[in-house]
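Subject: Structure handover

Hello,

Please find the structure below, followed by notes on what was found in it.

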2 protein chains.
Amino acid sequence: MGSSTENFIQILKNAGVKPSIQRIKIYDFLWNNRTHPTIDSIFQVLVNEIPTLSKTTVYNTMKLFMEHQLVRMVTIDESEVRFDVVTQFHGHFKCEVCGKLMDVEIENPVLVNQAKLDFEVSEAHYYLKGICNECNNN
Amino acid sequence: MGSSTENFIQILKNAGVKPSIQRIKIYDFLWNNRTHPTIDSIFQVLVNEIPTLSKTTVYNTMKLFMEHQLVRMVTIDESEVRFDVVTQFHGHFKCEVCGKLMDVEIENPVLVNQAKLDFEVSEAHYYLKGICNECNNN
DNA sequence: TTACATATTTGTAATTATTATAAATTTGCA
DNA sequence: TGCAAATTTATAATAATTACAAATATGTAA
Ligand SMILES: [Mn+2]
Ligand SMILES: [Mn+2]
Ligand SMILES: [Zn+2]
Ligand SMILES: [Zn+2]
């Protein structure tokens, strides 16, 4: 019950999400583990703290968090949905060797020509694939 | 057996892919239908031309095409993998109302700071979500 | 052309992530 | 405390993808 828990409760409340124990712990985990975890990795870690935790709850909670803009979904490879507690625009890099998914700072890309007139944009995503330095030096 | 078929055969050969009937028809379809189709929509159309076509073949072929850089995978929503015969860098816009997936012209975004030094980049993807003009005017 | 090895396609079964559903539990309030 | 609503849970259903082995097609040597 440290003060950080109070902070997380407040963040959830501000977003219009009722702070259940499961929701607080999941948000806590996302906040402190900026690895863009999957549903399953969230579940595997938190089931230790909440032995009754159900994977369905993790699915439900992530859906709820997305609806309230508390997280963003990152889909780079099919078959691997990840989540990001950082909702401001930023890019990602996925290493095709070790699988790590890292944040990348980029200039916000510029639409050319008429594109910006034809759509009402609500979300922008940018990502790269390749090989990270660690994997390249081995 | 029009001359365009010959062209497709040549494209496949140049990429190192043996041109079977199924592969030619699938590439033909992708070339002439720039809607970023799914596995299933490719199958549903082509099974009319090739009644014995198997969906497994479509999966196998798209995997092969990707390995030979003949197509790119576009994963915007989880649960919907699409394919793009245009392999040069360009952006996409997905309308969250009608589901259409359109090409968007953008400047190739610029990595900031050290990012470009830390990775060997092989692919870049940029996409937007929102509402298209047609859907907004209804 | 025929025979045969290799490559490709096909149909089916297995796997796996996600969603649907309904019962159980928890929560907030009268 | 008692009760209605919200949340969580366990289980079953759904659906996309992959694995696999048999069937078919292709290319080449004799
Ligand atoms: Mn991120
Ligand atoms: Mn495209
Ligand atoms: Zn790596
Ligand atoms: Zn639309």
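**Helix α1 of chain B**

N7(B) is partly exposed, with a relative accessible area of 47%; here buried means under 20% relative accessible area, exposed over 50%, and partly exposed in between (1.4 Å probe, protein chains only). The residue N7(B) belongs to helix α1 (residues 3–14) of chain B. Helices (H or I, at least four residues) and strands (E, at least two) are DSSP runs, numbered from the N terminus. Between the C-alpha atoms of N7(B) and I24(B) there are 9.8 Å, while along the chain these residues are 17 apart.

**Conventions**

This is a predicted model, in which local features need pLDDT of at least 70 and side-chain atom pairs count only at pLDDT 80 or more, whereas totals for chains, interfaces and linings use all residues. Residues are numbered from 1 along each chain as its sequence is written, chains are lettered from A and ligands numbered from 1 in the order in which they are written, and side-chain values use heavy atoms, with hydrogens and water left out.

**Chain A overall**

Chain A has 6 helices and 5 strands. Their order from the N terminus is α-α-α-α-β-β-β-β-α-β-α. The C-alpha trace of chain A spans about 50 × 45 × 30 Å along its principal axes. Chain A has 138 residues, and 42% of them count as buried. Among the contacts in chain A with a separation of 6 or more, 49% come from residues 24 or more positions apart; contact means heavy atoms within 4.5 Å.

**Strand β3 of chain A**

In β3(A), 5 of the 5 residues are buried, so the strand is largely enclosed by the rest of the structure. In a regular strand the side chains alternate between the two faces of the sheet. Both faces of β3(A) are covered, with G91(A), F93(A) and C95(A) buried on one side and H92(A) and K94(A) buried on the other.

β3(A) pairs with β4(A) in the antiparallel sense over 4 bridges; two strands pair if DSSP finds at least two bridges between them. Opposite G91(A) stands V104(A) in β4(A). The two strands β3(A) and β4(A) form a hairpin with 5 residues between them, and G99(A) in the turn has a positive phi of about 85°. β3(A) also pairs with β5(A), in the parallel sense and over 4 bridges. There, C95(A) has G130(A) in β5(A) as its bridge partner.

**The zinc sites**

Which residues hold the zinc ion (ligand 3)? The coordinating atoms are the SG atoms of C95(A), C98(A), C132(A) and C135(A), at 2.3 to 2.4 Å. Donors are N, O and S atoms within 2.8 Å of the metal (3.2 Å for Na, K and Ca); water is not among the atoms, so sites may look incomplete. The site of the zinc ion (ligand 3) is tetrahedral, with angles of 104 to 117° among its 4 donor atoms. Four donors count as tetrahedral if all angles lie between 85 and 135 degrees. The donor residues of this zinc ion (ligand 3) are spaced C-x2-C-x33-C-x2-C in sequence. C98(A) lies in the loop between β3 (91–95) and β4 (101–104) of chain A and C132(A) in strand β5 (residues 119–132), so this pair ties together parts that are 34 residues apart in sequence. C98(A) is partly exposed, with a relative accessible area of 37%, whereas C132(A) is buried at 4%.

Distant parts of the chain are linked by C95(B) in strand β3 (residues 91–95) and C132(B) in strand β5 (residues 119–132) of chain B, 37 residues apart. Both C95(B) and C132(B) are buried.

**Between the chains**

How many residues of chain A are in contact with chain B? The contacts involve 38 residues of chain A and 38 residues of chain B. About 3400 Å² is buried between chain A and chain B, with carbon and sulfur atoms giving 54%; buried area is the accessible area (1.4 Å probe) that two parts lose on being put together, summed over both.

Regards

Notes
Tetrahedral: all angles 85-135°; square planar, octahedral: opposite > 155°, others 65-115°.
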